[in-house]
Amino acid sequence: MSPIRLRKSHKCYGGTTAFWSHDSVETQTPMNFATFVPAGELRHGILWLSGLTCTEENFMAKAGAQRILAEQRTMVLVPDTSPRGLHLRGEHESYDFGSGAGFYLDATVKDYSQHYRMYSYILKEIYPLFRDHFGIHTVSIMGHSMGGHGALVFGLRNPHLFQKITTFAPIVNPSQVPWGTKALSGYLGDPSTWHAYDACELLKSGHRHPEPIVIYQGTKDEYLDSQLKVDRFAHAADTYGQKYELRLCEGYDHSYYFIQTFFGEALAFT
């Protein structure tokens, strides 16, 4: 990985919220990420994956997480959701494909395959920062919506890397919902390859995590029935033997107000 560059930092609850950039080998573009590092000895690390339209800043500004992270001596690292600064065919035409919508996969479709390599970027460039730059060897993964999809995929495919998987309103079966089919067809093309980035299909093919996967889901989420369909993950987990906890949150929607409310509880499970 190329050297990281500090863009700006702010003291926060005794620790530091910081924003970084570097030149990515995998995406062949500059990439940004954010961190919050509490003061004192660190206990644990969280890799947070954000949802559609987000950058590395949304979680840091909206989740209200720094106070809780500081109390738990846990750092968080938040990558951007896609490469930036490109002008690929169709990249900037909609909110759910292209810029801000990398879906945490390695694209194989022409044009996108050279730069949209978010799966390899996270594993090969972002994850090693915990160990090499921050000295942390125990990492859990969390995410929201598209980022929840990413957290499930990374955790199920790499259970040796992530101690726990916790998600908020994840897209659990992207090969069968509009957000997912648009992204997977645009980035991957051939539907026979989609299963590698679909949590329900990964469970079906034998992938497991040794710890219970925790899912927080608001009952008033406007995307619950059309895009998220967490009941499908529950069914697949029951069928194929993955331990999980589905925490239905009465009256909560898809927003960061939902994440703010339950982040502290969720962190206790990591």
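Colleague: Why is Glu26 called buried?

Modeller: Buried means under 20% relative accessible area, exposed over 50%, and partly exposed in between, with a 1.4 Å probe and protein chains only. Glu26 has a relative accessible area of 13%, so Glu26 is buried. The model is predicted: local features need pLDDT of at least 70 and side-chain atom pairs count only at pLDDT 80 or more, while totals for chains, interfaces and linings use all residues. Residues are numbered from 1 along each chain as its sequence is written, and side-chain values use heavy atoms, with hydrogens and water left out.

Colleague: What makes Glu26 and Arg117 a salt bridge?

Modeller: A salt bridge is a side-chain nitrogen of Lys or Arg within 4 Å of a carboxyl oxygen of Asp or Glu. The N to O distance for Glu26 and Arg117 is 2.9 Å, so the pair qualifies.

Colleague: Why is this pair said to tie together parts that are 91 residues apart in sequence?

Modeller: Because Glu26 lies in the loop between strand S2 (15-23) and strand S3 (30-37), and Arg117 in the loop between helix H3 (112-115) and H4. Helices (H or I, at least four residues) and strands (E, at least two) are DSSP runs, numbered from the N terminus.

Colleague: Is Arg117 buried or partly exposed?

Modeller: Arg117 counts as partly exposed, at 23% relative accessibility.

Colleague: What are the values for the salt bridge of Arg84 with Asp80?

Modeller: The closest N and O atoms are 2.8 Å apart. Asp80 is buried, with a relative accessible area of 2%, whereas Arg84 is partly exposed at 27%.

Colleague: What makes Arg247 and Glu265 a link between parts of the chain?

Modeller: Their closest N and O atoms are 3.3 Å apart, in a salt bridge. Arg247 lies in strand S9 (residues 244-249) and Glu265 in helix H10 (residues 256-267), so the pair ties together parts that are 18 residues apart in sequence. Arg247 is partly exposed at 25%, and Glu265 is partly exposed at 35%.

Colleague: How many salt bridges does a search of the whole structure find?

Modeller: The search finds 13. Arg7, Lys8, Glu56 and Glu57 are linked in a network of them.

Colleague: What makes a set of residues the largest nonpolar core?

Modeller: A nonpolar core is a set of buried Ala, Val, Leu, Ile, Met, Phe, Trp, Tyr and Cys residues joined through side-chain atoms within 4.5 Å. The largest has 93 residues, and Phe59 is among those with the most contacts inside it. Helix H4 (residues 118-132) gives the largest share of this core, nine residues.
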